[in-house]
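Hi! Here is the structure I promised to pass on. Have a look at it, and then read my notes below.

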Amino acid sequence: MNNIIISPSILSADFVNLERDIKRIEEAGADWVHIDVMDGHFVPNITIGIPVVKAIKRITKLPLDVHLMIENPEKYIGAFAKAGADIITIHYEACEENLKENIDLIKACNVKVGVSIKPKTSQERLYPYLKDIDLALVMTVEPGFGGQEFLHHCAMKIPKIKELVNDDFIIQVDGGINNITSKICTSLGANSLVAGSYIYGSSDIKSSINSLKNMS
């Protein structure tokens, strides 16, 4: 199971030394860089925006996995794509009424399309859109803050999505991921993991990343 895509969340990085911390995960074998964008409305926290994504693009070769935890994502999708996002994931709950239009907008920017669901949202909400997207992100914590505990019941959404998609489809899990919860998720069918504090809080980032890939 060494084909697991590991996308470390820079939410847990040292923002004073962001370039250094991105280089660290790149050298340690990370596959993507997960960038949590929060607006203080859809979630209570505020993080980073378009200028930072643009700056990150200049200093890494890793794909930028941009998770928009924001209201009205249609206002910003084009700008994030232009800034260098390779994957843009939006929340079902943020644009339930015009989700398909947002998906089409991301596609028109020639980047991969993801849709995320919060812990209380049923995976069934994604079913009508699975054929139109590249990635489904299952949140196993309430979005907004790092360091929360893994919600085990949310992981049961993974196999229900898995049975409806092909092998190329990406099922990503974000929230409370460590060397134990990662195995739960991958055993259920997840093939991409987002981890922040587990990776950046480690004294050996390479070993932490390898442990998520189910490597010794």
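**What I found**

The protein has an accessible surface of about 9700 Å², and 50% of that belongs to carbon and sulfur atoms. Accessible areas here come from the Shrake-Rupley method with a 1.4 Å probe, and for residues only the protein chains shown count as cover.

Before you go on, keep in mind that this is a predicted model: local features need pLDDT of at least 70, side-chain atom pairs count only at pLDDT 80 or more, and totals for chains, interfaces and linings use all residues. Residues are numbered from 1 along each chain as its sequence is written, and side-chain values use heavy atoms, with hydrogens and water left out.

**Overall shape**

The secondary structure comes to 8 helices and 8 strands. Both are DSSP runs numbered from the N terminus: helices are H or I with at least four residues, strands are E with at least two. The C-alpha atoms fill a box of roughly 45 × 35 × 30 Å along the principal axes. For 216 residues, a compact globule would have a radius of gyration near 17 Å, and the 16 Å of this protein agrees with that. (That radius is taken over C-alpha atoms, and the globule rule is 2.2 Å times the number of residues to the power 0.38.)

Of the 216 residues, 53% count as buried. Buried means under 20% relative accessible area, exposed means over 50%, and partly exposed is in between (1.4 Å probe, protein chains only). Now for contacts, meaning heavy atoms within 4.5 Å: among those between residues at least 6 apart in sequence, 65% join residues at least 24 apart.

**Helix H6**

Which residues of helix H6 (residues 181-188) are buried? They are Thr-181, Ser-182, Cys-185 and Thr-186. These cover an arc of only 130 degrees around the axis, so they sit on the same side of H6. The arc is that of the directions from the helix axis to the C-beta atoms. As background, an α-helix has 3.6 residues a turn, so residues three or four places apart point the same way.

What covers the buried residues of H6 includes helix H5 (157-162), strand S7 (170-174), strand S8 (192-195) and helix H8 (205-212). After H6 comes Gly-189, with a positive phi near 125 degrees.

**Cysteines**

How many disulfides does a search of the whole structure find? The count is 0, where a disulfide is a pair of cysteine sulfur atoms within 2.5 Å. Cys-109 is in no disulfide, and the nearest cysteine sulfur, that of Cys-95, is 14 Å away. Cys-109 is partly exposed, at 26% relative accessible area.

**Salt bridges**

The whole structure has 7 salt bridges. The term stands for a side-chain nitrogen of Lys or Arg within 4 Å of a carboxyl oxygen of Asp or Glu. Three of them go like this:

- Asp-86 pairs with Lys-57, at 2.9 Å from N to O. Asp-86 lies in the loop between helix H3 (77-83) and strand S4 (87-91) and Lys-57 in helix H2 (residues 50-59), so this pair ties together parts that are 29 residues apart in sequence. Asp-86 is partly exposed at 27%, and Lys-57 is partly exposed at 32%.
- Arg-20 pairs with Asp-21, with the closest N and O atoms 2.9 Å apart. Arg-20 is partly exposed at 42%, whereas Asp-21 is buried at 2%.
- Asp-104 pairs with Lys-100, at 3.0 Å from N to O. Both lie in helix H4 (residues 99-108), 4 residues apart, about one turn of the helix.

There is also a network: salt bridges that share partners join Asp-14, Arg-20, Asp-21 and Arg-24.

**Two asparagines to look up**

Asn-72 is not a glycine, yet its phi is positive, near 50 degrees. Asn-72 sits in the loop between strand S3 (64-69) and H3 and is partly exposed at 34%.

Asn-110 also has a positive phi, about 60 degrees, without being a glycine. You will find Asn-110 in the loop between H4 and strand S5 (112-117), where its relative accessible area of 72% makes it exposed.
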